[in-house]
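User: I'm new to this one and would like a close look at a single part. Could you pick out a pair of neighbouring helices and walk me through how they meet?

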Amino acid sequence: MEHGVSEHSMYAIATIGIGCRHESNDYPASKYLAEITLILQKKLGQINQAATMHTLYHGLLPWTEPIHTCGDGLHTGYLSGIRNGESEYAVWCLLNHALMVPWTMGAPIEQMLAECPKIMVQSKQLGHTVAVVTNQCFWQMLLNLRYPKCSDPTKLQGEIFNPETLKGNDNFFVSQIHLAECRLMLVYDRPALAKVAIACRDLFFKLNPISFQVMGETFDRGVALFATARHTKNRLKRRKYIRNAKKIHSTIKSWEKAGNPNVFTYRILLDAEQAALYGKRKKAEDSYKNAIIVLVARAGHLHHAALFNELYAEYLYQGCNDEEEA
């Protein structure tokens with residue numbers, strides 16, 4: 001503010017915007033700072049554009065704008081970074097554009113699998129080890145989902161990624177392994193994910209606080225906790241699952257109330273899970289149907305549509321003994 005606009009101003013302002021959202025939950029201020037960042041970037045052209053686009057479309061705008069609007073900005077950042085020598089931020093823009101955003105939007109696994117080898121080649125050529133490992137984690141996760149006949153599909157280990165080859169205990173690598181294995185456990189072993197959710201709590205958020213993937217990871221843990229609570233007869237364990245599930249439900253509600261447009265579906269589904277837990281059949285069914293028909297199926301979020309249908313069918317069959325409806 002004292003010295004005028006410089007080539008670093010856009011990145012700095014975007015970072016302040018992330019701080020407003022992360023520290024004070026001030027979404028309007030974050031959106032305003034994002035708008036200023038984009039105006040300045042347009043005036044200054046491609047100077048530091050990859051860094052700015054990654055900061056905006058990975059850590060700020062996915063919390064304040066619909067996630068599908070973030071892809072173009074990340075692609076712009078990637079192209080600009082390649083042209084202007086910002087190779088590290090270019091690779092991160094590419095990872096988010098080709099894998100992280102499509103995953104959040106429920107893109108087909110085959111589509112994302114096709115991108116992984118291409119990203120691997122570029123990451124290795126540019127010498128960015130962290131991006132290479134991130135891509136390997138995501139790639140191995142997709143393979144475990146696509147071909148689940150491995151010894152333990154919940155473990156992130158196979159032909160593409162082996163955690164034993166990592167040197168040290170880098171927090172970022174820990175967060176990526178945790179994220180991928182949570183997604184795998186949601187599909188293959190929800191009780192195991194519920195135990196991890198209690199043991200680790202918001203580990204991913206603490207290790208990677210600005211990432212928009214925090215939203216999905218938090219939701220996954222909430223689903224596992226509610227689902228496991230419904231099937232747990234031991235009162236003490238059941239209460240522990242319910243207590244932690246309600247905390248996550250409240251967190252997602254607070255994000256929605258603050259202005260996050262990307263957690264509405266998550267909140268509706270957790271509404272359904274909580275209603276199902278307490279035997280409120282009409283509210284549960286209305287919430288399940290709302291999430292499946294209106295919010296997910298029409299938007300093309302394939303894996304969420306599948307998950308929500310599965311949870312609804314499981315509730316009808318096991319919770320209501322309604323085999324015909326299930």
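Analyst: Let's start with a term: two residues are in contact when they have heavy atoms within 4.5 Å. This is a predicted model, and of the contacts in its chain with a separation of 6 or more, 65% are between residues 24 or more positions apart. The chain has 15 helices and 0 strands, and 52% of its 326 residues are buried. Its C-alpha atoms fill a box of roughly 65 × 45 × 35 Å along the principal axes. For 326 residues, a compact globule would have a radius of gyration near 20 Å, and the chain agrees with that, since its own value is 20 Å.

Now for the pair itself. Let's take α4, which covers residues 71-84, and α5, which covers residues 87-104. Their axes come within 8 Å and cross at roughly 150°. Angles over 145 degrees count as roughly antiparallel, so that is how α4 and α5 lie relative to each other. As for handedness, the crossing of α4 past α5 is left-handed.

Who does the touching? On the α4 side you'll find G71, L74, H75, G77, Y78, G81 and I82. Facing them from α5 are S87, A90, C93, L94, N96, H97 and V101.

Definitions and conventions: Residues are numbered from 1 along each chain as its sequence is written. This is a predicted model: local features need pLDDT of at least 70, side-chain atom pairs count only at pLDDT 80 or more; totals for chains, interfaces and linings use all residues. Side-chain values use heavy atoms; hydrogens and water are left out. Axes are lines fitted to C-alpha atoms, for helices over the stretch in contact, and angles run from 0 to 180 degrees between N-to-C directions. Helices (H or I, at least four residues) and strands (E, at least two) are DSSP runs, numbered from the N terminus. Angles under 35 degrees count as roughly parallel, over 145 as roughly antiparallel, 65 to 115 as roughly perpendicular and the rest as oblique. A crossing is left-handed if the near helix is turned anticlockwise from the far one by less than a right angle, and right-handed if clockwise. The radius of gyration is taken over C-alpha atoms; the globule rule is 2.2 Å times the number of residues to the power 0.38. Buried means under 20% relative accessible area, exposed over 50%, partly exposed in between (1.4 Å probe, protein chains only).
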